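Me: I would like to go through some labels used for this model and ask what each rests on.

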Amino acid sequence: MNDELTGEVTRGARALVVYPQMRGRGDLDPEARLEEARGLAAAIGLVVAEAMAIPIREPRAGTLFGEGQIQNISVACELNEAELIIVDGSLSAIQQRNLEEKLKRKVIDRTGLILEIFGERAATAEGRLQVELAHLDYQAGRLVRSWTHLERQRGGFGFLGGPGETQIEADRRMIRDRMAKIRRELEQVRRTRGLHRDRREKAPWPIVALVGYTNAGKSTLFNYLTGAEVMAEDLLFATLDPTMRAIRLPAVEKAILSDTVGFISDLPTQLVAAFRATLEEVNAADVILHVRDIANPDTESQKRQVLDVLADLGVIDGEGGSEEEGETAPGIPIIEVWNKWDLLTPMQADELRDVMAQRADEVIVPLSARTGMGCEFLLETIGATLTSDAKVYTFVIPAADGQRIAFLHARGEVLSEEDAGAGDQGPLLRLQVRLAERELGRFSAL
C-alpha cells in the first residue's frame with residue numbers, strides 16, 4: 001500500500017477509538033460498537049488506549065466533529081499517549097485531512113481500518129486481488145490527502161504539447177489503469193468460479209454454506225464438523241478466503257461444507273463489490289447455515305446486517321431486516337445456528353428457549369462449536385432439511401452408468417436396488433430412491 005496516499009498503520013501503535021454516535025442511529029448500541037472497534041484494532045495488532053463515543057447532532061462538513069469535541073479528543077490523546085486515532089465511522093478525504101492537521105496525529109476511519117485488516121489477512125491470489133481493488137477504490141478519492149508533489153506537472157508530448165498533466169492526474173490515471181486490470185482478472189476468476197459451480201451442480205454432493213457476522217464462530221464450527229484446521233481465533237476477520245471440505249450427514253451420504261468471509265456492520269462498499277464473486281458462492285448452496293454469536297448483546301443487529309448483505313446479493317427477498325424472514329428468494333433454506341450457547345447464563349438460556357418456542361416455524365439450532373454441544377443435532381437438521389420435500393421414485397438405469405448411480409446414492413436415500421434385466425446398453429438396475437424435488441431436476445439434467 002502506498003504510504004503517501006493512505007498513511008501507515010504500525011503494529012503495536014497506541015490508538016484512541018472514537019465512535020461518532022449519529023442522531024437517528026438508535027439501533028446501534030454504542031458500547032457494542034466500541035467493543036467491535038476494539039476488536040478490529042486488535043485484529044491488526046493495535047493497542048487501544050481508550051475508546052469513547054461522541055454524540056453528533058449535526059455533522060460538520062469539514063471535520064465531522066465540533067471544535068470542542070476535537071479539543072476533547074486531543075486531550076484524550078495526550079493523556080493516553082495515543083499516536084493514532086480511529087474514527088469508527090466514515091470520513092471524507094477532507095475531514096480526514098483536516099482532523100489530522102488539527103490533532104497532529106494519524107487518523108483513519110472504519111473503512112480504512114477494515115481495509116488494513118483485509119490487506120493483512122488475504123492469503124490467496126484471488127483474495128489479494130479483491131483487497132487491492134478495494135484499496136485502490138478507496139485511495140482514488142483520497143489523493144487530495146497527498147502533499148505538494150501531486151501539484152507538480154509533467155510536460156506534454158512533442159513540441160506543441162500543452163502544460164501536461166499534473167502529478168495528481170497521473171496518479172489517478174495509474175490507479176484507474178490498475179483497477180481496470182484487476183477487474184479483468186477478477187472477471188476471469190468469476191467465470192472460472194461459474195464453471196466450478198456448473199461442475200458441482202452435476203456432482204453428486206449438496207453444498208452447505210456457512211454465513212454470519214465476523215467472529216460468530218463460523219470457522220470454529222467448520223473445523224469441528226470437518227476436522228479441518230482453518231484458522232479460528234477470537235479475532236474479527238480471522239479468515240477471509242473461502243474453504244470447502246466434505247462432511248457426512250444422516251440420510252445424505254456426503255455434502256460439501258463451505259466457509260465464507262464474515263460480514264460486519266457498515267462493511268465498506270468497496271469490499272462488498274470486490275468480494276462479490278466470493279460471496280456469490282452462497283447462491284449455489286443447497287442450505288445456508290446462518291451462524292450467530294447468540295451470547296453477543298448486539299446479536300439481533302448483527303443478524304440484520306447479515307441479512308442485508310444476503311439481500312444485496314439476491315439470496316433473499318427484501319430488506320433482510322425483519323425477524324420473520326427465514327426463507328430465501330430462490331428457495332434456499334436457512335438454518336439459524338445459535339452459537340456460543342455455552343457462554344450464556346442459565347437465565348439467558350431459558351429466555352432464548354422461550355424465543356425459539358415462539359418462532360417454531362423457523363429452523364433454529366442452539367449449539368457450542370467450541371465444546372461440540374448440539375453439533376450432532378445440527379448435522380441431523382441439515383440432513384432433514386436437504387430431504388424435507390423428498391418423494392420416492394423408481395429409476396431403471398444401465399449398471400454401467402456410474403455417474404447417475406453415484407448421484408442417487410449421494411443426493412438421495414436408496415431404499416432398494418435390484419437387477420432389472422438387460423437393455424440396449426447392457427445390464428440394468430432398478431433403484432427405488434427417496435429424492436428431493438430439486439435433486440430430481442439435477443438428476444434429470446445429467
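This is a predicted model: local features need pLDDT of at least 70, side-chain atom pairs count only at pLDDT 80 or more; totals for chains, interfaces and linings use all residues.

Me: Why is Gly372 called buried?
Reply: Buried means under 20% relative accessible area. Gly372 has 14%, so the label applies. Gly372 sits in the loop between strand 10 (364-366) and helix 13 (375-386).

Me: What makes strand 9 (residues 334-339) largely enclosed by the rest of the structure?
Reply: Six of its six residues are buried, so strand 9 is largely enclosed. Both faces are covered, with Ile334, Glu336 and Trp338 buried on one side and Ile335, Val337 and Asn339 on the other.

Me: How do you know that strand 9 pairs with strand 10?
Reply: Two strands pair if DSSP finds at least two bridges between them. Strand 9 and strand 10 have three, in the parallel sense, so they meet the criterion. In one of these bridges, Glu336 is partnered with Ile364 of strand 10. Between the two strands the chain passes through helix 12 (residues 346-358), and this β-α-β crossover is right-handed.

Me: What joins strand 8 (residues 287-293) to strand 9?
Reply: Six bridges do, and the two strands run parallel. Asp293 has Asn339 in strand 9 as its bridge partner.

Me: Which residues of helix 3 are buried, and why are they said to line one face?
Reply: The buried residues of helix 3 are Ile70, Ile73, Ser74, Ala76, Cys77 and Asn80. Seen down the helix axis, they fall within an arc of 160°, so they line one face. Glu78 and Leu79, on the other side of helix 3, are exposed. The buried residues pack against strand 1 (14-22), strand 2 (47-56), strand 3 (84-87) and helix 4 (93-103).

Definitions and conventions:
Residues are numbered from 1 along each chain as its sequence is written. Side-chain values use heavy atoms; hydrogens and water are left out. Buried means under 20% relative accessible area, exposed over 50%, partly exposed in between (1.4 Å probe, protein chains only). Helices (H or I, at least four residues) and strands (E, at least two) are DSSP runs, numbered from the N terminus. The arc is that of the directions from the helix axis to the C-beta atoms. Contact means heavy atoms within 4.5 Å. A crossover is right-handed if, with the strands pointing away from the viewer, the path from the first strand over the helix to the second runs clockwise.
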